[in-house]
Amino acid sequence: MRRTMIKLAALCVAIFALAYSHASAQKNQNAKQTTRESAQKIDAGKLFAKNCATCHGNDGRAKTFKAKFNHARDLTDPAWQSEASDERIVNSITNGRERMPKFGQKLSREEIGSLAAYVRGLKK
């Protein structure tokens, strides 16, 4: 009788562990799917217009009064585009640069990545 109880308890623990493992894997899969969906929903053009265009201009050419005052970079410049790495662009958006504000606390990593890709798309 005691052996049967031990076997039954072991079976219950195994079933519980299997069910917990499956539920945990499903939760992780759902979280990854939500992250992918939110990254796809990011409108980098709107982010740029809201956070960057006042200095860099709607077209990225930095032809605004504020751009001249703050010495904002022309993001369409082919020389700059070829010399600046993706990592540098992401770092500048995240941590700021000279007079450029930091956006690391304001924007998510996905939003910053989308903005960096948008900046790359401004190349002439």
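Select Ser 114 to begin. Ser 114 sits in helix α7, which runs over residues 109-120. The model is predicted. Show the surroundings of Ser 114 and leave out residues up to four places away in sequence: Ile 42 and Ala 44 are the ones it touches. Is Ser 114 buried or exposed? Ser 114 counts as buried, because its relative accessibility is 18% and the cut-off for buried is under 20%.

**The whole chain**

Now zoom out and colour by secondary structure. The protein has seven helices and zero strands. Along the sequence the pattern reads α-α-α-α-α-α-α. Switch to a surface view. Of the 124 residues, 23% count as buried. Contacts are the next item. Take those between residues at least 6 apart in sequence: 45% of them join residues at least 24 apart.

Select Met 5. Met 5 lies in helix α1, residues 2-41. Together with Met 5 they make a nonpolar surface patch of about 380 Å².

**A positive patch**

Next, select Arg 61, Lys 63, Lys 68 and Lys 124. These residues form a positive surface patch. Where is Arg 61 found? Look in the loop between α3 (53-56) and α4 (65-70). Arg 61 counts as partly exposed, because its relative accessibility is 36%.

**Two salt bridges**

Side chains of opposite charge can pair when their charged atoms come close. How many salt bridges does the structure hold? The structure holds two.

Start with Glu 83 and Arg 88. Their side chains meet in a salt bridge, at 3.9 Å from N to O. The cut-off for such a pair is within 4 Å. Colour both partners by accessibility. Glu 83 counts as exposed, because its relative accessibility is 57%. Arg 88 is partly exposed, with a relative accessible area of 24%.

Move on to Asp 86 and Arg 120. Their closest N and O atoms are 2.7 Å apart, and the two residues form a salt bridge. Asp 86 lies in helix α6 (residues 86-95) and Arg 120 in helix α7, so this pair ties together parts that are 34 residues apart in sequence. Asp 86 is partly exposed, with a relative accessible area of 47%. Arg 120 is partly exposed too, at 23%.

Turn to the backbone. Most residues other than glycine have a negative phi.

Select His 71. His 71 is not a glycine, yet its phi is positive, at about 55°. Where does His 71 lie? His 71 is found in the loop between α4 and α5 (78-83). His 71 is exposed, because its relative accessible area is 62% and the cut-off for exposed is over 50%.

Finish at Glu 98. Glu 98 is a residue other than glycine, and its phi is positive, near 50°. Glu 98 is found in the loop between α6 and α7. With a relative accessible area of 81%, Glu 98 is exposed.

Conventions: Residues numbered from 1 in each chain as written. Predicted model: local features only at pLDDT ≥ 70, side-chain atom pairs only at ≥ 80, totals over all residues. Heavy atoms only, no water. Patch = residues over 30% accessible without salt bridge, like charges linked within 9 Å, V, L, I, M, F, W, Y side chains within 5 Å. Areas by Shrake-Rupley, 256 points an atom, 1.4 Å probe, with all protein chains shown as cover. Lys, Arg positive; Asp, Glu negative; His and termini not counted. Charge placed at Lys NZ, Arg CZ, Asp CG, Glu CD. Helix = DSSP H or I, 4+ residues; strand = E, 2+ residues; numbered from the N terminus. Buried < 20%, exposed > 50% of the residue type's maximum accessible area, 1.4 Å probe, protein only. Contact = heavy atoms within 4.5 Å.
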